[in-house]
Amino acid sequence: PTASSFTLNDQSQLLTMLDLTGRKRTENADTRMAFRDSYNRNFLPGKQSENRFDMAYIEQSSRNHTYKYRLGRQTGTGGGAPGRFDGVLAGYSFTPSWRVNGVIGSPVEFSLGGVASGSKKDFAGVSVDIAPSYPWSGNGYFIQQRVGGIVDRRAVGMEAHYFDMQRNLMGLFEYDTLFKKINLGMLQGNWTATGNTNYNVLVDRRRTPTLQYSNAIIGQPVDSVAALLQSGVSMDTIRADALALSPISNMFAIGVTRPYSPRLTISGDFRVSNLSGTGATSTGQPSTPGIGNTYSYSVQVTGKNLFLENDYGVVNATYTSSKTYKGQSLAFTQVETLRQNWRVDVMLMFYNQNDVFGTNQKQ
């Protein structure tokens with residue numbers, strides 16, 4: 001019978017970002033430099049602040065595309081390289097049709113407060129590109145990663161691209177030779193039909209995280225594969241645990257975009273995704289069930305030159321459904337250019353969600 005209330009301060013922070021880029025072009029070479037860092041100062045008691053040093057590299061390529069190199073902290077762009085690493089990537093074209101690339105470095109894995117702990121990983125890889133021979137191009141690669149002197153990951157893969165004036169298709173496949181398992185397979189395509197109607201489709205199946213022996217330490221009191229070996233765990237057991245803790249992610253998406261008028265474009269898409277569960281491990285970690293299918297339906301209207309010259313607006317409505325919740329979102333974005341030198345961005349969003357526990361959430 002007594003009313004009660006409470007107040008919770010769940011966010012108090014200052015986010016600072018620094019992003020610098022530079023470029024110099026001469027008759028013989030094109031040189032770029034990039035630096036990116038962000039610092040999240042958390043003012044809540046007992047909470048850590050976080051700094052993310054994302055990027056710092058120098059890149060140079062010849063104007064005739066004979067050579068290219070990139071040195072420093074960078075984002076992997078293919079060839080099996082990690083998403084972010086410290087190292088060097090270099091390539092050289094021996095002929096107009098063939099190019100050889102090499103990459104060597106150490107993955108950068110962030111956790112709250114800095115880089116993840118544990119033994120340092122290092123990797124090396126080589127790839128061969130087949131220069132575009134209209135309409136096909138592609139490459140094949142080999143990559144190996146070590147951790148604490150132990151081979152952590154070894155994989156071969158290939159990419160293929162098809163492009164013409166109406167269609168483009170990209171496929172990616174990778175096979176892990178240590179686990180004897182497919183690491184990922186992806187196929188993405190776009191087709192532009194009569195009237196500039198565009199159709200797109202995506203099929204994606206991959207291990208999340210990527211297969212590697214170090215996945216076996218997830219949830220363990222130790223922070224390295226070497227520590228597991230020293231405790232008496234065999235490599236076969238480590239391999240089985242790593243496989244059990246590398247679930248499979250699946251996604252299928254299909255969409256269509258069609259101009260309604262010179263100023264309006266309408267698009268819609270359908271997506272379904274799921275994530276398999278994890279298996280039980282030798283250390284007693286129980287198996288966990290997978291996340292069932294999540295379905296998403298979206299409709300979007302894009303407009304240009306609606307109110308002022310060179311303005312741009314987007315309205316998006318999305319419905320999401322899964323076993324545990326249903327959500328609806330509505331978003332509006334408008335970009336206006338004023339007097340050619342000023343830009344005003346406006347964004348409004350609303351989200352509503354109901355879950356199986358009877359909880360309603362509005363943002």
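User: Which residue does R36 meet in a salt bridge?
Analyst: D19. The side chains meet at 3.2 Å, N to O. A salt bridge here is a side-chain nitrogen of Lys or Arg within 4 Å of a carboxyl oxygen of Asp or Glu. Note that this is a predicted model: local features need pLDDT of at least 70, side-chain atom pairs count only at pLDDT 80 or more, and totals for chains, interfaces and linings use all residues. Residues are numbered from 1 along each chain as its sequence is written, and side-chain values use heavy atoms, with hydrogens and water left out.

User: What does the R36 and D19 pair tie together?
Analyst: Parts that are 17 residues apart in sequence, because R36 lies in strand 2 and D19 in strand 1 (residues 13-25). Strands are DSSP runs of E, at least two residues, numbered from the N terminus.

User: How many salt bridges does the structure hold?
Analyst: It holds 13. One of them joins D164 and R167, with the closest N and O atoms 3.0 Å apart. D164 is buried, at 10% relative accessible area, whereas R167 is partly exposed at 36%.

User: And which residue does R206 form a salt bridge with?
Analyst: D204, the closest N and O atoms being 2.7 Å apart. R206 is partly exposed at 30%. D204 is buried at 13%.

User: Which residues do salt bridges that share partners join into one network?
Analyst: R32, E59 and R70.

User: Switching topic. Where does T31 lie?
Analyst: In strand 2, which spans residues 29-42. T31 has 18% relative accessibility, so it counts as buried.

User: What does the T31 side chain join in a polar contact?
Analyst: The side chain of Q60, at 2.9 Å. A polar contact is a pair of N or O atoms within 3.5 Å; within protein, one must be able to donate a hydrogen and the other to accept it, and residues adjacent in sequence count only if both atoms are side-chain atoms.

User: Which residues is T31 in contact with, leaving aside neighbours within four places in sequence?
Analyst: G22, R23, K24, I58, E59 and Q60. Contact means heavy atoms within 4.5 Å.

Terms used:
Helix = DSSP H or I, 4+ residues; strand = E, 2+ residues; numbered from the N terminus. Buried < 20%, exposed > 50% of the residue type's maximum accessible area, 1.4 Å probe, protein only.
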